[in-house]
Amino acid sequence: MGEERIVALEDITLSFEKGKIYCLLGTSGSGKSTLLNLLAGLEKPTSGSIMFKGKPLEALNETQLALYRQRYVGFVFQSYNLLATLSALENVTLPLIFRKVPKRKRIASAKAMLKAVGLSHRARHKPSELSGGQQQRVSIARAFINDPQVIFADEPTGNLDTKTTFEMMDMITGIARERNQTLVIVTHDTEISSYADRVISIRDGAVESIVDNEIRRDIYEEN
């Protein structure tokens with residue numbers, strides 16, 4: 001920024017396995033959202049490398065990055081990011097339109113996805129006619145509609161009450177596990193982190209700790 005050099009992330013080495021759920025945990029300004037943006041190909045690192053299926057993301061141009069996100073990635077946002085003029089069904093079909101899926105097939109797929117998140121009866125409603133929890137269900141359906149290999153969820157429950165938060169987390173993690181997809185959740189909430197197989201704590205742009213929840217669950221079950 002100008003002549004000032006700001007280090008958002010520094011000296012981070014991580015690996016993510018297929019079918020696992022990860023949590024990037026940290027306070028505001030810790031660098032966790034920047035890390036997610038880099039993994040998602042929304043930003044490019046000034047140094048280092050981000051490898052996906054053996055290929056460096058930083059070497060891809062904008063068109064190639066768009067294809068990477070289209071084919072392999074799904075997003076769940078805190079603010080839902082639904083198009084206000086479209087119905088729930090139309091919002092969910094959008095990723096399939098970009099992949100040139102025939103209309104009849106994409107509508108059938110979107111209906112099935114809305115049924116999976118419990119919103120079949122609200123398919124024709126627009127975002128303004130839905131509650132926050134219902135809007136997030138539409139967002140989740142849209143994220144999973146392409147059957148992506150990786151789902152990135154950036155503070156997915158930040159605008160929801162406690163009861164709805166746990167409902168959404170059960171839903172997101174349940175679908176990801178059922179489909180053997182990798183899920184990366186960004187949050188500042190330690191309760192949300194309990195859903196992850198591995199919790200990566202970020203502080204001041206660096207990895208502070210990595211806790212394997214799978215091992216903790218195994219120990220608990222043995223006792």
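A: D147 lies in the loop between α5 and β5. Helices (H or I, at least four residues) and strands (E, at least two) are DSSP runs, numbered from the N terminus. This is a predicted model, in which local features need pLDDT of at least 70 and side-chain atom pairs count only at pLDDT 80 or more, whereas totals for chains, interfaces and linings use all residues. Residues are numbered from 1 along each chain as its sequence is written, and side-chain values use heavy atoms, with hydrogens and water left out.

The phi angle of D147 is near 50°, a positive value in a residue other than glycine. With a relative accessible area of 47%, D147 is partly exposed; buried means under 20% relative accessible area, exposed over 50%, and partly exposed in between, with a 1.4 Å probe and protein chains only.

Helix α3 (residues 88-98) and helix α5 (residues 132-144) pack at an angle of about 25°, their axes 7 Å apart. Axes here are lines fitted to C-alpha atoms, for helices over the stretch in contact, and angles run from 0 to 180 degrees between N-to-C directions. The angle makes α3 roughly parallel to α5, given that angles under 35 degrees count as roughly parallel, over 145 as roughly antiparallel, 65 to 115 as roughly perpendicular and the rest as oblique. The crossing of α3 and α5 is right-handed; a crossing is right-handed if the near helix is turned clockwise from the far one by less than a right angle, and left-handed if anticlockwise. A88, N91, V92 and P95 of α3 meet V138, A141 and R142 of α5, where contact means heavy atoms within 4.5 Å. Sorted by class, this contact has 5 nonpolar, 1 polar and 1 charged residues. In that scheme Ala, Val, Leu, Ile, Met, Phe, Trp, Tyr, Cys and Pro count as nonpolar, Asp, Glu, Lys and Arg as charged, and the others, Gly among them, as polar.

Helix α5 also packs with α6: their axes come within 11 Å and cross at roughly 10°, which makes α5 roughly parallel to α6. On the α5 side the contact is made by G133, Q136, R137, I140 and F144, and on the α6 side by T164, E167, M168, M171, I172, I175 and A176. These residues divide into 7 nonpolar, 3 polar and 2 charged. M168, in helix α6, is buried with a relative accessible area of 0%. Not counting residues up to four places away in sequence, M168 touches G133, Q136, R137, I140, T157 and L160. M168 and G132 are 36 residues apart in sequence and 11 Å apart in space, C-alpha to C-alpha.

On α3, there is a further partner to consider. α3 and α4 pack at an angle of about 125°, with axes 9 Å apart, and α3 is therefore oblique to α4. This crossing is right-handed. A88, L89, V92, T93, L96 and I97 of α3 meet R106, I107, S109, A110, K111, M113 and L114 of α4, a contact of 9 nonpolar, 2 polar and 2 charged residues.

L183, leaving aside its neighbours within four places in sequence, is in contact with K20, I21, Y22, I151, A153, I172, T173 and A176.
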